[in-house]
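Please keep the sequence and the model open beside you as you read.

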Amino acid sequence: MNLEIVLLGMIAALLIPIYEAWKTENTWQLMLALGSISSKVSIMILVISVARDDWMIGVVGAIILSVGNAGFMLLAQILRRLNEA
C-alpha cells in the first residue's frame, strides 16, 4: 500500500515536466523536460520492480536510468555544434 502511494506521487510529479514540454517552444527547455521525464519514468520502473519483486524489470529500469540520458547529451552536443557553424 505504501509503495502505491509513492507511485501515485511520482506520477503526479511526472505531470510537471510533461506540461513544461507541452507548452515550451525552446529546444533546450524541451530537452531538459524530456530528460527529466525519462529519469522519473526509470525511477518509477525501479519502484514497480520492488513492488512486484521482479528483478528483471529492475534491470531494465537501471539500464534506462544509466544509459537513457546519453542520447540527450549527444543531441545537445550536435545542436550546439550546429549553432556554432
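Predicted model: local features only at pLDDT ≥ 70, side-chain atom pairs only at ≥ 80, totals over all residues.

Residues are numbered from 1 along each chain as its sequence is written, and side-chain values use heavy atoms, with hydrogens and water left out. Helices are DSSP runs of H or I with at least four residues, numbered from the N terminus.

**How α1 packs on α2**

- Helix α1 and helix α2 pack at an angle of about 165°, and their axes are 9 Å apart; the axes are lines fitted to C-alpha atoms over the stretch in contact, and angles run from 0 to 180 degrees between N-to-C directions.
- That angle makes α1 roughly antiparallel to α2, a label for angles over 145 degrees.
- The crossing of this pair, α1 and α2, is left-handed, which is to say that the near helix is turned anticlockwise from the far one by less than a right angle.
- Sorted by class, the contact of α1 with α2 holds 20 nonpolar, two polar and two charged residues. Here Ala, Val, Leu, Ile, Met, Phe, Trp, Tyr, Cys and Pro count as nonpolar, Asp, Glu, Lys and Arg as charged, and the others, Gly among them, as polar.

- Pro17 has its place in helix α1 and counts as buried at 7% relative accessibility; buried means under 20% relative accessible area, exposed over 50% and partly exposed in between, with a 1.4 Å probe and protein chains only.
- Leaving aside residues up to four places away in sequence, Pro17 touches Ala33, Ser36, Ile37 and Lys40, where contact means heavy atoms within 4.5 Å.
- The C-alpha atoms of Pro17 and Ser36 are separated by 6.7 Å, although these residues are 19 residues apart along the chain.
- Ile11 is also placed in helix α1, and at 37% relative accessibility Ile11 counts as partly exposed.
- Between the C-alpha atoms of Ile11 and Lys40 there are 8.6 Å, with 29 residues separating the two along the chain.

**The nonpolar core**

- The largest nonpolar core has five residues, namely Met10, Leu14, Ile37, Met44 and Val47. Such a core is a set of buried Ala, Val, Leu, Ile, Met, Phe, Trp, Tyr and Cys residues joined through side-chain atoms within 4.5 Å.
- The elements giving two or more residues to this core are α1 (2-23) and α2, and α2 gives the most, with three residues.
- Leu14 touches Ile37, Lys40, Val41 and Met44, again not counting residues up to four places away in sequence.

**How α2 packs on α3**

- Helix α2 (residues 27-52) and helix α3 (residues 55-67) pack at an angle of about 165°, with axes 8 Å apart.
- These two helices, α2 and α3, are therefore roughly antiparallel to each other, and their crossing is left-handed.
- On the α2 side, Ser38, Ser39, Ser42, Ile43, Ile45, Leu46, Ser49 and Arg52 meet Ile57, Gly58, Gly61, Ala62, Ile64 and Leu65 of α3.
- By class, this contact of α2 with α3 has seven nonpolar, six polar and one charged residues.
- Ser49 lies in helix α2 and is buried, with a relative accessible area of 7%.
- Beyond four places in sequence, Ser49 touches Asp54, Ile57 and Gly58.
- Asp53 sits in the loop between α2 and α3 and counts as exposed at 71% relative accessibility.
- Though not a glycine, Asp53 has a positive phi of about 55°.

**How α2 packs on α4**

- Helix α2 and helix α4 (residues 70-84) pack at an angle of about 170°, with axes 11 Å apart.
- That makes α2 roughly antiparallel to α4.
- Thr27, Trp28, Met31, Leu34, Gly35 and Ser38 in α2 meet Phe72, Leu75, Ala76, Leu79 and Arg80 in α4.
- The class count for the contact of α2 with α4 is seven nonpolar, three polar and one charged residues.
- Leu75 lies in helix α4 and counts as partly exposed at 38% relative accessibility.
- From C-alpha to C-alpha, Leu75 and Gly35 are 11 Å apart in space and 40 residues apart in sequence.

Terms used
Parallel < 35°, antiparallel > 145°, perpendicular 65-115°, else oblique.
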